Amino acid sequence: MDFPMFHLDWLNNRMLIAGIATLHVIINHSLAVGFIPFITWLEQKGVKKSAAHEVTQTEWDQMVYKMMKVAFIITTTIGAMTGVGIWFSASLISPASIGSLIRVFYWAWFTEWIVFVTEVILIMIYFLTWKNSNSSLKAKLRHIRFGWFLSIASWITMALIVSILGFMMDPGNWNTDKSLINGFTNPIYLPQLLFRSPTAMLLGGIFGLLLATLFTKSGSEIRKVVVQAASKWILLWAPITLIGAVIYYKAIPEAMTENMSTAVGTMDFAQYYDLLKYMIVAGIGLTVIIALIGLFKTKKIKPYMVVIPVITAFAFLGFFERVREFIRKPYVIGQYMYSNLLLEDDYVVYQQDGVLKHATYTTVTEINDENKIEAGKNVFTIACSRCHTTQGVNSVVDVFERMYGVGQPLDINSMATYIPNMHNGRNYMPPFPGTQQESEALAEYIRYVQETGESLEGAQTDGIAVNPSNSVKAVLEYKKSKKKTTDE
């Protein structure tokens with residue numbers, strides 16, 4: 001309501017955030033949180049395996065260094081850019097929610113930023129001083145300590161961010177006592193952390209197993225040892241990940257788990273929910289099988305065999321992020337802000353006066369027969385465009401055509417009656433925030449879009465129009481008249 005609406009009609013606004021955030025999480029969890037301790041452990045093993053006259057076993061150390069080089073390049077390029085990209089895209093697509101989260105978690109985010117800067121410094125030190133650290137045992141042990149410090153810093157950044165992700169799903173006591181402590185200690189925080197931590201370790205091990213097969217020769221002794229080490233790491237974290245997943249699932253409110261089937265693949269694929277569950281179990285099972293082969297039949301492990309579980313594991317994490325984002329609907333912040341960025345507490349006013357009257361950026365404030373379509377466009381932009389498009393992904397026209405018949409002219413009266421009650425049948429939809437007149441205007445606009453094929457342009461293309469009642473001049477005049485009344 002207080003920000004101009006950026007909109008990507010061909011893609012869907014939330015798809016922009018989802019794509020960037022999912023890629024960042026995959027890199028952060030697998031290569032930062034999970035892979036760094038795995039690499040540090042392998043480096044430490046090199047020292048233990050060395051002969052009396054060596055600081056570390058040279059061939060082993062070179063292999064581990066090559067593995068770390070891959071992680072260093074990816075995390076400091078794609079990982080860093082997608083981290084910034086999350087802030088940039090969230091500021092464009094969801095400024096009200098990110099603003100609310102910053103107000104609640106300011107000091108937590110400030111702490112996370114300090115730890116993140118420390119993490120960047122540590123990873124630079126750890127990678128760039130690797131070869132020089134082989135000059136003496138003391139230097140090598142100090143280098144290994146930097147690896148463990150980096151591992152801890154990487155985990156702390158995740159631990160801080162997970163509290164915010166849990167808060168968005170279920171704020172808990174924060175709605176009655178709006179403090180940082182209550183926001184941080186939300187009911188889903190620890191269960192989600194107990195799931196994400198071992199998951200990251202598992203992903204790090206799977207990725208490490210792939211690199212180990214790429215950087216060693218088939219049949220060599222060094223491949224045998226490193227594949228067995230990676231397999232042990234995977235088999236250690238796999239059952240802990242499964243336990244964490246069960247604990248996390250049980251902590252999710254029932255209203256959210258009811259959204260699960262739709263979250264998996266949208267309404268079109270809800271019927272395949274059980275099949276997808278079996279695919280996930282099969283993917284995890286495949287990872288464990290590969291690890292067992294690596295442990296007991298090491299020579300059989302080839303790079304192409306490990307590619308499949310790596311892709312499956314990364315896809316699973318991306319799938320998990322998709323589900324986590326969807327099941328909290330109709331909220332973007334549980335019981336506080338709906339996914340259309342309107343506060344739940346403000347709905348009483350919107351449904352009484354109309355959402356257009358209180359909007360900061362709108363071309364229409366009062367609806368009449370001449371401006372109904374324009375008014376409907378404004379209502380759609382404010383109340384619907386965060387999740388729906390007109391002609392792109394999750395098109396509102398497609399949604400109604402599936403209900404009333406593809407290719408058939410949409411019935412305005414039926415839509416106007418359905419819109420104020422749609423949340424009763426689809427609990428992942430927020431209630432309609434406007435009046436019946438605005439519902440009719442929205443139905444007129446959707447029918448118009450169906451007939452013309454017109455796409456909605458965002459503020460970045462169309463520019464903005466300020467509600468005259470909310471302009472600076474209007475506010476100053478209101479304050480002036482109020483002061484004059486008080487003085488009299």
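Student: How many salt bridges are there, and by what rule?
Tutor: The count comes to nine salt bridges, each being a side-chain nitrogen of Lys or Arg within 4 Å of a carboxyl oxygen of Asp or Glu. This is a predicted model, where local features need pLDDT of at least 70, side-chain atom pairs count only at pLDDT 80 or more, and totals for chains, interfaces and linings use all residues. Residues are numbered from 1 along each chain as its sequence is written, and side-chain values use heavy atoms, with hydrogens and water left out.
Student: What does Arg196 pair with?
Tutor: Arg196 forms a salt bridge with Glu321, with the closest N and O atoms 2.8 Å apart. Arg196 is in helix α6 (residues 189–214) and Glu321 in helix α11 (residues 303–327), so the pair ties together parts 125 residues apart in sequence. Helices here are DSSP runs (H or I, at least four residues), numbered from the N terminus.
Student: Is Arg196 buried or exposed?
Tutor: Buried, at a relative accessible area of 1%; buried means under 20%, exposed over 50%, partly exposed in between (1.4 Å probe, protein chains only). Glu321 is buried too, at 6%.
Student: Which residues do shared partners join into one network?
Tutor: Arg196, Glu321, Arg324, Glu325 and Arg328.

Key:
Helices (H or I, at least four residues) and strands (E, at least two) are DSSP runs, numbered from the N terminus.
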